[in-house]
Amino acid sequence: MPYLQCVPYARAVSGIRIFGDALTWWGQAEGRYARGNRPKVGAVMSFRPHGRMELGHVAAVSRIIDSRNVLLRHANWSEIDGRRGQIEDNVRAVDVSPDNDWSQVRVWYAPIGNLGTTAWPVNGFIYPDKPGRAERLSVLSSSGSVQKAKASETPVSRIGADFLRGIRPEASAPATKIHGTLTFGSGKKLPQPPARIKPALADDPIGTIIASRTK
């Protein structure tokens with residue numbers, strides 16, 4: 001039997017078209033496939049790197065028994081007849097997380113004929129469906145924040161030419177004198193500044209009277 005890694009087998013049985021090491025699957029699925037923390041048949045359980053399992057692991061869910069137990073299809077987990085890289089179908093995995101959120105699981109290990117003793121950390125489940133609206137908006141929001149940060153470094157006008165063509169410039173109007181007297185709320189008139197008297201009228205009493213009455 002050829003030595004088989006977990007990634008190509010999980011991809012084949014789930015139909016989820018993600019490539020690369022198992023530890024990258026959770027991040028790669030963002031925005032492409034729906035993700036969550038509840039098992040579904042056909043979903044891929046994404047294991048985090050832990051201990052000697054430095055590249056993570058992926059396994060497809062083949063059956064749900066109850067809220068704490070599922071069956072998995074995966075490759076390169078147990079040593080069978082002294083060899084790794086073999087396929088195991090419909091083997092048990094148990095949720096041992098305190099909150100029943102499938103963040104930690106124990107998995108069937110063939111050499112001991114029982115569940116292994118390690119509580120393996122899990123990212124969650126990748127479903128063979130498009131991401132939901134909430135997750136798509138979250139991805140768009142996070143990418144928009146990056147774009148805003150870049151834009152702040154190099155300010156660029158984002159107003160299009162079509163929008164600018166629809167704006168009429170303000171017409172310049174000649175300044176007009178405002179006649180009248182400003183008043184306070186109480187109705188009292190604002191004090192008027194003393195009128196300037198032309199030098200020619202300074203010595204003319206009648207001119208002085210006329211100047212004082214000029215507003």
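This is a predicted model: local features need pLDDT of at least 70, side-chain atom pairs count only at pLDDT 80 or more; totals for chains, interfaces and linings use all residues.

Analyst: Two strands count as a pair if DSSP finds at least two bridges between them.

Strand 8 covers residues 120–126. Which strands pair with strand 8? Strand 1, residues 35–36, is one of them: two bridges join it to strand 8, and the two run antiparallel. Here arginine 35 stands opposite isoleucine 126. Strand 2, residues 44–47, is joined to strand 8 by four bridges, again antiparallel. In that pairing, serine 46 faces glycine 124 of strand 8. Strand 6, residues 104–109, also pairs with strand 8 in the antiparallel sense, over two bridges. Glutamine 104 has proline 121 as its bridge partner there.

Is strand 8 mostly covered or mostly open? It is mostly covered, with six of its seven residues buried.

Now step back for a moment. The chain has five helices and eight strands. Their order along the sequence is α-α-β-β-β-β-β-β-β-β-α-α-α. Take the contacts with a separation of 6 or more: 49% of them join residues 24 or more positions apart. The chain exposes about 15000 Å², and carbon and sulfur atoms supply 55% of that area.

Next, look at strand 5, residues 87–95, where glutamate 88 is found. Glutamate 88 is buried, yet it has no salt bridge. Glutamate 88 does have a polar partner: its side chain makes a polar contact with the side chain of serine 78, at 3.1 Å. Its other surroundings come from further along the chain. Leaving aside neighbours within four places in sequence, its contacts include Leu72, His74, Trp77, Ile80, Trp108 and Ala110. Arg73 is also on that list.

Arginine 73 has a charged partner of its own in strand 5. It forms a salt bridge with aspartate 89, with the closest N and O atoms 3.1 Å apart. That pair links distant parts of the chain: arginine 73 lies in strand 4 and aspartate 89 in strand 5, 16 residues apart. Both ends are partly exposed. Arginine 73 has a relative accessible area of 30%, and aspartate 89 has 37%. Remember a rule about neighbours in a strand. In a regular strand, side chains alternate between the two faces of the sheet.

How many salt bridges does a search of the whole structure find? It finds two. The other one joins the side chains of arginine 68 and aspartate 95, at 3.1 Å from N to O. This pair also links distant parts: arginine 68 sits in the loop between strand 3 (57–66) and strand 4 (69–75), while aspartate 95 is in strand 5, 27 residues apart. Are its two ends buried or partly exposed? Arginine 68 has 26% relative accessibility, so it counts as partly exposed. Aspartate 95 has 3%, so it counts as buried.

Notes: Residues are numbered from 1 along each chain as its sequence is written. Side-chain values use heavy atoms; hydrogens and water are left out. Buried means under 20% relative accessible area, exposed over 50%, partly exposed in between (1.4 Å probe, protein chains only). Lys and Arg count as positive and Asp and Glu as negative; His and the chain ends are not counted. A salt bridge is a side-chain nitrogen of Lys or Arg within 4 Å of a carboxyl oxygen of Asp or Glu. A polar contact is a pair of N or O atoms within 3.5 Å; within protein, one must be able to donate a hydrogen and the other to accept it, and residues adjacent in sequence count only if both atoms are side-chain atoms. Contact means heavy atoms within 4.5 Å. Accessible areas come from the Shrake-Rupley method with a 1.4 Å probe; for residues, only the protein chains shown count as cover.
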